[in-house]
Amino acid sequence: MDVIHSAAALRERLQRVPNNVFVPTMGHLHDGHIQLINIAKPRATCTVVSIFVNRLQFGPREDFDRYPRTLEADAGRLESAGVDVVFAPDEREIYPEPQTFVVEPSDLQYVLEGAHRPGHFRGVATVVLKLFNLVMPHSAIFGKKDYQQYLVLRDMVRQFALPIEIIPAETVRAPDGLALSSRNMYLSAQERAEAPRLHQVLSAVCAELKGGARDFQRMDQQAMTELLRHGWQPDYVAVRRQADLHPPTERDRELVVLGAARLGRTRLIDNVELTLPA
Ligand code: AMP
């Protein structure tokens, strides 16, 4: 496995690779990331993983400075997972000059996560386009844990006609249901015990939908109240259409329940997809 820090060395290494598959990450890797690699490997002659904490996608009061940076441990995990190339650039390598050209996503960037993290998806789309230009993969794998991010990037690739297939991966969870996340390490023991409630609350909304309930706003509110009652500060719980995250009509069948809430200093997100019978 090659660990590469510069864009020039990356291009050189990948020059003659006909068929690489790409997994972008911000590091502090867990089994969710490893699953993406396991999906990539059989499709690739060369599996490329990037580790880059992208300042552009963090708000001024977010956790950019304290985000965990654990390159050595990450490299060990990636080697065991059979990765061929790790691209771990520093900031100057990705942003040698101020990034004045940016990717402006569709209105999807302003709702849900975007409403609470202004500029987040612009930062994500910009760095992912740049990484795509460096790696030039034929496919890239993204987790549905970050559902809205997956949709923004899928739309970007389609609208810019990038010759890259975006492949979604299911959310990997701890046995108690908590979605794995690099940010889970911020949780105290007490918060970690409480954290699975986010998934439970979203699943309870799914169960109501399956039972025939269609008053989406009441269900969203009820779920947020439940989180508040247990000491969370919810940003949103929302039943949406899978295709575009618009509020559903009563005829929509392919739905996703998304939620984001703060537990102490840690902001967690999660979602559960469901398909209602016709
Ligand atoms: P991150 O390092 O948090 O930027 O995540 C890198 C990639 O891993 C993104 O495509 C995420 O959606 C994906 N990912 C993160 N956590 C999980 C998880 N628990 N299950 C599946 N994919 C995940």
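**Note on the predicted chain**

1. Surface first. The accessible surface of the chain is about 13400 Å², and carbon and sulfur atoms hold 51% of that. Areas come from the Shrake-Rupley method with a 1.4 Å probe; for residues, only the protein chains shown count as cover.

2. Basis. This is a predicted model: local features need pLDDT of at least 70, side-chain atom pairs count only at pLDDT 80 or more, and totals for chains, interfaces and linings use all residues. Residues are numbered from 1 along each chain as its sequence is written, and side-chain values use heavy atoms, with hydrogens and water left out.

3. Overall fold. The chain has 10 helices and nine strands. These are DSSP runs, numbered from the N terminus (helices: H or I, at least four residues; strands: E, at least two). The radius of gyration is 19 Å, close to the 19 Å from the globule rule for 278 residues, so the chain is as compact as a globular protein of that length. That radius is taken over C-alpha atoms, and the rule is 2.2 Å times the number of residues to the power 0.38. Along the principal axes, the C-alpha atoms fill a box of roughly 55 × 40 × 35 Å.

4. Packing. Of the 278 residues, 55% are buried. Buried means under 20% relative accessible area, exposed over 50%, and partly exposed in between (1.4 Å probe, protein chains only). Among contacts with a separation of 6 or more, 71% join residues 24 or more positions apart. A contact means heavy atoms within 4.5 Å.

5. Helix H6. This helix covers residues 120-135; at 1.5 Å a residue its 16 residues should span 22 Å, and its end C-alpha atoms are 22 Å apart, which agrees. The expected span is 1.5 Å times one less than the number of residues. H6 is mostly covered, with 12 of its 16 residues buried. Among them are His120, Phe121, Leu131 and Phe132.

6. Two positive phi values. Met136 follows H6 and lies in the loop between H6 and strand S5 (139-143). Its phi is near 45 degrees, and Met136 is exposed at 61% relative accessible area. Leu112 has phi near 50 degrees. Leu112 lies in the loop between helix H4 (91-94) and helix H5 (113-116), and counts as buried at 7% relative accessibility. Most residues other than glycine have a negative phi.

7. Ile167. This residue lies in strand S6 (residues 165-169). At 7% relative accessibility, Ile167 counts as buried. Leaving aside neighbours within four places in sequence, its contacts include Ile39, Arg43 and Ser139.
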